[in-house]
Amino acid sequence: MNLSQFDKQFRPVVRAAFLFCVLLLLFEIASKLSQATSAFFSSLDFPAEVRGLLLAVLLFSILNVPLILAERFSPGTTNRRNYLQGATYWLTHIVITYFWSKIAIATIAKLQITPLFTWSIKDNSSNGLIIVAALLLPILVYDFFYYWFHRAQHRFAFLWRFHEVHHSIVHMNCINSYHHVLEEVLRFPCMTIPIALLLKIEAPQIIILSAFIATWGQYIHSDTSIHLGKLGSIVGDNAHHRIHHSIAEQHYDKNFAAFFPVWDRLFGTYHRPVRGRLIPVGLSDKSPPKTAIDYLLMPFRRDCKNVS
């Protein structure tokens, strides 16, 4: 291999690695800012519900700033980015799911669920492998249940009516990546309860999901050329998930996993993406909602073609 071939083959890899490291750094800065914001709001003399809701909105905003910057300075497509519309739907989603989460937490407590497996890690544990395992295991378990729930959303008409709101998005980016608010309610019996019955990991002050993991759902929908390269075959990136949203027929019902493509590989739904270009997305028979009312009512309408 001569120097020009080496440069041609590895320069994109080096560039992707560098940009991804910059993105991680920005996320850590956003994480620190989020912690400071949380501490500030805790000191305010507001009703707990108001304080919690305002904090949820602010944290969502702060943690998405790195992705907005990535889309601005390293875009994946030439699509227009309508952040305002997506932010409107996300605000609606956050407000409703904030209060739904209170109901869900109370229900879990009322049911007094005892998990099949409990793993307790001491505060002073210094074993790096244990810490990494305790970090990855719940994500792996979550992704397994998410994979099958996600497949069910594409298989059963009732679930699809809510999920197609998400798939109708044409100009997809980190903010314009909304789900219908009732998807969270549907996940409760299909994912939250089964996971609570299966596994509980107790690791105070150790298992801290970084800001990047917390906003992973935004990243895999982002319109940026920053991807994981070959590592993307192990941990799914935005190129991997873009296949799932593709308008191309050969991509239908592919790449359901959110974090680990291993589930798609095991169950025959994996499609290897071509990194470096983000393909067109959307639905041929449904247009995305135009207003917050359209967003909320879309699953209950027989025909959404005129909502564009």
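This report describes the cysteines and salt bridges of a predicted model.

**Cysteines**

The structure contains zero disulfides. A disulfide is a covalent bond between the sulfur atoms of two cysteines. Cys174 has a relative accessible area of 0% and is buried. Cys190, with a relative accessible area of 35%, is partly exposed.

**Salt bridges**

Five salt bridges are found when the whole structure is searched.

| Pair | N to O separation |
|---|---|
| Asp223 and Arg81 | 3.3 Å |
| Arg275 and Asp237 | 2.9 Å |
| Asp294 and Arg301 | 2.9 Å |

The side chains of Asp223 and Arg81 form a salt bridge with an N to O separation of 3.3 Å. Asp223 belongs to the loop between α8 (216-219) and α9 (238-245), while Arg81 belongs to the loop between α2 (48-73) and α3 (83-111), so this pair ties together parts that are 142 residues apart in sequence. Asp223 is buried because its relative accessibility is 0%, a value under the 20% limit for that class. Arg81 has a relative accessibility of 26% and therefore counts as partly exposed.

A second salt bridge joins the side chains of Arg275 and Asp237, with 2.9 Å from N to O. Arg275 is placed in the loop between α10 (262-266) and α11 (292-297), and Asp237 in the loop between α8 and α9, so the pair ties together parts that are 38 residues apart in sequence. The loop between α8 and α9 thus contains Asp223 and also Asp237. For Asp237 the relative accessible area is 0%, and the residue is buried. Arg275, at 22% relative accessibility, counts as partly exposed.

Asp294 and Arg301 also form a salt bridge, in which the closest N and O atoms are 2.9 Å apart. Asp294 is buried, since its relative accessible area is 14% and the class requires a value under 20%. Arg301 is partly exposed, at a relative accessible area of 26%.

In the listed pairs, the aspartates Asp223, Asp237 and Asp294 are buried.

Definitions and conventions: Residues are numbered from 1 along each chain as its sequence is written. This is a predicted model: local features need pLDDT of at least 70, side-chain atom pairs count only at pLDDT 80 or more; totals for chains, interfaces and linings use all residues. Side-chain values use heavy atoms; hydrogens and water are left out. A disulfide is a pair of cysteine sulfur atoms within 2.5 Å. Buried means under 20% relative accessible area, exposed over 50%, partly exposed in between (1.4 Å probe, protein chains only). A salt bridge is a side-chain nitrogen of Lys or Arg within 4 Å of a carboxyl oxygen of Asp or Glu. Helices (H or I, at least four residues) and strands (E, at least two) are DSSP runs, numbered from the N terminus.
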